[in-house]
Amino acid sequence: MRAILAVARREIYSFFVSPAAYVVATIFIVTVSVWFLVLIFQNISAQLTVQLTPGARQPTLTDKVLRPFLMNGLFRVLWLVAPLISMRLLSEDRKQGTADLLLSSPITTLQLVLGKYLGALAIMAILFVATMHIPLFLVLGGNVDRGVVFAGYLGVFLTAAMFLAAGVFASSLTENQIVAALLTMATMLGIFLFGKLAEASQRFLGGVFTPFSLGSHLEDFIRGILDSSGFVYFLSMSAFFVFLTQRTIDSQRWR
Amino acid sequence: MTPFLEFDLRMIIVDRLEKSYGGRTALKGISFRVHRGEVLGLLGPNGAGKTTTMKILTGLIPATGGRASVAGFDVHEQSLEVRRRIGYLPEHPPLYREMTVRGFLRFVAELRGVPRSKRSAKVDRAIEQCGLAEVAGRIVGRLSKGYRQRVGLAQAIVHDPEVLILDEPTVGLDPKQIVDIRSLVKGFGGERTVILSTHILPEVTMTCQRVVIITRGSIVAEDSIANLTGRGEMGERMAITVARDLDGVASTLAGIPGVIGVDRAPGEPPTYHVSVERGFSGKELLSAAVVQSGCGLLEMKTVPETLEDVFLDLITEEHGVAA
C-alpha cells in the first residue's frame with residue numbers, strides 16, 4: 001500500500017505542477033459551467049411555455065436541469081478530459097527513462113499500475129469536486145432531488161473511473177502521449193458503441209449483452225437508482241483494464 | 001524465501017548468462033563473480049553487452065539462458081528480493097524533471113521502502129554524499145547535466161543498498177565532475193558491492209579493484225587491475241632509443257633469444273619497440289648488441305604495458321577471430 005500511495009502521490013504532484021493540468025482543469029470546469037448556464041437559460045424560457053398550458057404536469061428542476069447537466073454536460077466532457085489525464089501515466093515514464101527506476105524498485109507490477117490508476121482517479125476526483133458549485137447551487141437555490149445529485153455524480157464518476165482504467169492501459173502500450181490519448185478515445189468509443197449495440201440488439205438477442213450497456217447503467221444512476229449491476233459493470237470493466245495493463249508491462253519486462 | 005545458493009562472500013554471481021534479442025545475440029554465456037565490498041569494472045566497447053548484463057541483474061529484462069544471483073537471490077525467481085537490495089543508475093539517469101531534487105529523492109526513498117522515520121535522514125545523507133546540498137530545493141529539469149547525473153547517483157544510493165549497479169556513471173560530464181564522481185564511487189567500495197560499466201579505461205584503473213573485459217557478448221579477460229596490466233600476455237616491452245638508424249639493427253635484435261618482435265616506432269630519434277617473453281633475461285645481450293651494431297645506444301627502458309594495450313590486444317584478437 002505504501003508503494004501504491006507513493007506512486008499515486010507523485011502522479012498527482014506532477015499533474016498539478018504541469019501547466020497542462022491547468023488547461024485540462026479549465027476545459028473541464030468552464031465546459032461544465034457553461035453547459036449549466038445554457039440549461040438554466042433554456043429552463044427559464046421553458047417555464048414560460050409551460051405556464052401557458054394549464055393542467056400539464058409541471059416538469060421539475062431535476063428533470064429540466066440536473067439530469068441533462070449530468071448526462072450531457074458532465075458525462076460528455078469526460079471524452080476529452082479522461083484521455084488528457086491518463087495519457088501521460090505510463091508512456092511518459094517509458095519516454096523519460098523513469099520506467100527503469102520504477103521497474104527496478106522493489107514493488108510489484110500490480111502495485112505500480114494501481115498507483116498510477118489511483119493517482120489518475122484522485123486527479124479526476126479533484127476536478128469533480130471543483131464542479132460542486134453547480135449541484136450546490138441547485139440544492140440551495142432550487143428544489144432538486146438530492147438523491148439524484150448523489151447517484152448521478154457517483155454514476156458519472158464511475159464512468160470516468162472506467163475510462164481512466166482504459167487510459168492507463170493505453171498509456172502502457174506506447175511511449176507517445178498523443179497516441180496514448182487517441183487509443184484511450186478509441187477504447188472509450190468502443191465501450192460506448194458496444195453498449196449502444198447491446199441496447200439495440202435487446203429485442204432479438206434477448207438482452208444477453210444488456211449488462212454491457214454503458215448508457216443504461218449510467219441512466220440508472222442519473223435516475224437516482226443505485227443498482228448493484230451498475231457497480232458490477234463499472235468496477236469489473238475497470239479491473240479488467242488494470243489487469244490488462246499489468247500483463248502488458250510484465251510482458252514488456254520479460255521480453 | 002531461501003536463497004538458491006548459500007550465503008557467502010560472493011555478492012553477485014553471474015553464471016553462463018545468455019541473452020538474445022530476436023535473432024541478435026547480446027550475451028554469449030558470460031560468468032563472473034563480485035565479492036562483498038568489491039568495486040568491479042565492466043569494461044568494453046559500446047554494444048559489448050554491459051547494459052544488457054546490468055538490466056538482467058536489476059530484473060528489467062530476463063536472460064535467455066544461464067542464471068544470476070545477487071546476495072544469494074536469483075534475479076529471475078526472487079526478483080523482488082534482489083530489487084530490495086540494489087541501487088541502480090541506468091545509462092540515462094531516471095529523473096522526474098518536474099520535481100525538486102529533495103522531493104524526487106524522498107519519492108525514491110519511499111518507493112524503495114525506506115521507513116518514514118528514516119526517510120529524511122537518508123535523503124539528507126544522499127544529498128550530502130553526492131554534493132547536492134546547494135541545489136536540493138531546485139527543480140531537477142533545470143539543473144546542469146553534471147548535477148542531474150549526481151541526482152541519478154543519489155537516487156541509486158538513497159536507500160543505502162548493499163549492491164550498486166552503475167551504468168556509465170561519468171558519461172557526458174566535464175573533467176572536474178568526472179573526478180568527483182569517481183572518488184565518490186571509489187568511496188562506496190568496502191561497505192557496498194559495486195558494479196560499474198564504462199568504456200573509458202582510466203576510469204577502471206582509478207575506481208575499480210577488479211575488471212571484467214567484455215566484448216561482443218563474451219568475457220575476454222577477468223582479473224585484478226594489477227594482474228591484468230602486469231601479467232603481460234605479450235610479455236614485456238622494451239623501448240630502445242638509438243642515435244642513428246642503421247639497416248639490420250632490427251633483424252639483429254630479433255635474433256636474440258627471448259625476443260618476440262621488433263618494431264621501429266615512427267619519429268626521431270629512432271626508437272625500437274622490442275617485445276620480449278615474460279621473465280626475459282637477455283637485457284644485457286640486447287644492450288650489447290645495440291652498442292656493437294654501432295648505432296649508438298641512447299636509452300633503453302622497460303615500458304609497462306598499460307591497461308589500454310591489454311584492452312586493445314584483447315578486443316582486436318576477438319575481432320580477428322570473429323572476422
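**Notes on the A–B model**

1. Four strands of chain B make an open, antiparallel sheet in the order β2-β1-β4-β5; strands here are DSSP runs of E, at least two residues long, and helices are runs of H or I of at least four, both numbered from the N terminus. Strands count as paired if DSSP finds at least two bridges between them. At the edges stand β2 (24-35) and β5 (73-74) of chain B, each with a single partner strand, so one side of each has no neighbour in the sheet.

2. Before going further, please keep in mind that this is a predicted model, in which local features need pLDDT of at least 70 and side-chain atom pairs count only at pLDDT 80 or more, while totals for chains, interfaces and linings use all residues. Residues are numbered from 1 along each chain as its sequence is written, chains are lettered from A and ligands numbered from 1 in the order in which they are written, and side-chain values use heavy atoms, with hydrogens and water left out.

3. Back in the sheet, strand β1 (residues 10-21) of chain B is joined to β2(B) by nine bridges, and the two run antiparallel. B:L17 sits opposite B:I30 of β2(B).

4. Helix α3 (residues 101-111) of chain B deserves a look: eight of its 11 residues are buried, so the rest of the structure largely encloses it. Buried means under 20% relative accessible area, exposed over 50% and partly exposed in between (1.4 Å probe, protein chains only). Among the buried residues are B:F104, B:F107 and B:L111. The buried residues pack against α1 (2-17) and α5 (98-103) of chain A, and also against α4 (116-129) and α5 (145-157) of chain B. After α3(B) comes B:G113, with a positive phi near 85°.

5. On to the interface, where 30 residues of chain B and 26 residues of chain A are in contact (heavy atoms within 4.5 Å). The two chains bury about 2,500 Å² between them, 60% of it on carbon and sulfur atoms; buried area is the accessible area (1.4 Å probe) lost on putting two parts together, summed over both. B:L60, B:Y96 and B:L111 supply 26% of the area that chain B buries against chain A, more than any other three residues.

6. Three salt bridges link chain B and chain A, each a side-chain nitrogen of Lys or Arg within 4 Å of a carboxyl oxygen of Asp or Glu. A:R10 forms a salt bridge with B:E98, their closest N and O atoms being 3.4 Å apart.
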